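Please look over the sequence and the model below before reading on. The paragraphs that follow go through the structure step by step.

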Amino acid sequence: MTQILLTLEPAVAHFYTRIAISAGIPLEQVLQDALFKLAGELSLEAIRNAGAT
């Protein structure tokens, strides 16, 4: 896997840290899952927009 360094606003880091603690999984996994989900949503939106033209 490729490692990427992210810089987060303190409030964002706190938010995702709380989610990680609540879910009992590492912060890195929470961020990875959130980014993966967003990428899927953006891809679907792009496909929809490509079909509309």
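**A walk through the model**

Alanine 34 is partly exposed, its relative accessible area being 31%. This residue belongs to helix H2. In sequence, alanine 34 lies 30 residues from isoleucine 4, and the C-alpha atoms of the two are 15 Å apart in space. All of this is read from a predicted model.

The overall fold comes next. The protein has 2 helices and 0 strands. Its radius of gyration is 15 Å, well over the 10 Å that the globule rule gives for 53 residues, so the protein is more spread out than a compact globule. Along the principal axes, the C-alpha atoms fill a box of roughly 45 × 25 × 20 Å. Of the 53 residues, 6% are buried, which here stands for a relative accessible area under 20%. The accessible surface amounts to about 4800 Å², and carbon and sulfur atoms account for 65% of that surface.

Part of this surface is a nonpolar patch of about 640 Å². The residues that make the patch are Ile4, Leu6, Leu8, Val12, Leu35, Leu38 and Leu42. Helix H2, which covers residues 27–52, supplies the largest share of the patch with 3 residues.

H1 is made of 14 residues and reaches 20 Å from its first C-alpha to its last, which is close to the 20 Å expected at 1.5 Å a residue. Just after H1, glycine 24 adopts a positive phi of about 70°.

The structure contains 1 aromatic pair. Phenylalanine 15 and tyrosine 16 form this pair in an edge-to-face arrangement, with 5.0 Å from centre to centre and 80° between the planes. The angle is counted as edge-to-face because it is over 60 degrees. Phenylalanine 15 is partly exposed at 47% relative accessibility. Tyrosine 16 is partly exposed as well, with a relative accessible area of 22%.

Salt bridges are the remaining topic, and the structure holds 2 of them. In one, the side chains of glutamate 41 and lysine 37 meet at 3.7 Å, N to O. Glutamate 41 and lysine 37 are 4 residues apart in helix H2, so about one helical turn separates them. An α-helix has 3.6 residues a turn, so residues three or four places apart point the same way. Glutamate 41 is partly exposed at 42% relative accessibility, whereas lysine 37 is exposed, with a relative accessible area of 55%.

In the other salt bridge, arginine 48 is joined to glutamate 45, and the closest N and O atoms are 3.4 Å apart. Both residues lie in helix H2, where a spacing of 3 residues, about one turn of the helix, separates arginine 48 from glutamate 45. Arginine 48 has a relative accessible area of 52% and is exposed. Glutamate 45, at 39% relative accessibility, counts as partly exposed.

Methods. Residues are numbered from 1 along each chain as its sequence is written. Side-chain values use heavy atoms; hydrogens and water are left out. The radius of gyration is taken over C-alpha atoms; the globule rule is 2.2 Å times the number of residues to the power 0.38. Buried means under 20% relative accessible area, exposed over 50%, partly exposed in between (1.4 Å probe, protein chains only). Accessible areas come from the Shrake-Rupley method with a 1.4 Å probe; for residues, only the protein chains shown count as cover. Patches are made of residues with over 30% relative accessible area and no salt bridge: like charges are joined within 9 Å, nonpolar side chains (Val, Leu, Ile, Met, Phe, Trp, Tyr) within 5 Å. A salt bridge is a side-chain nitrogen of Lys or Arg within 4 Å of a carboxyl oxygen of Asp or Glu. The expected span of a helix is 1.5 Å times one less than its number of residues. Rings of Phe, Tyr and Trp (its six-membered ring) pair if their centres lie within 6.5 Å; planes under 30 degrees apart count as stacked, over 60 as edge-to-face and the rest as tilted.
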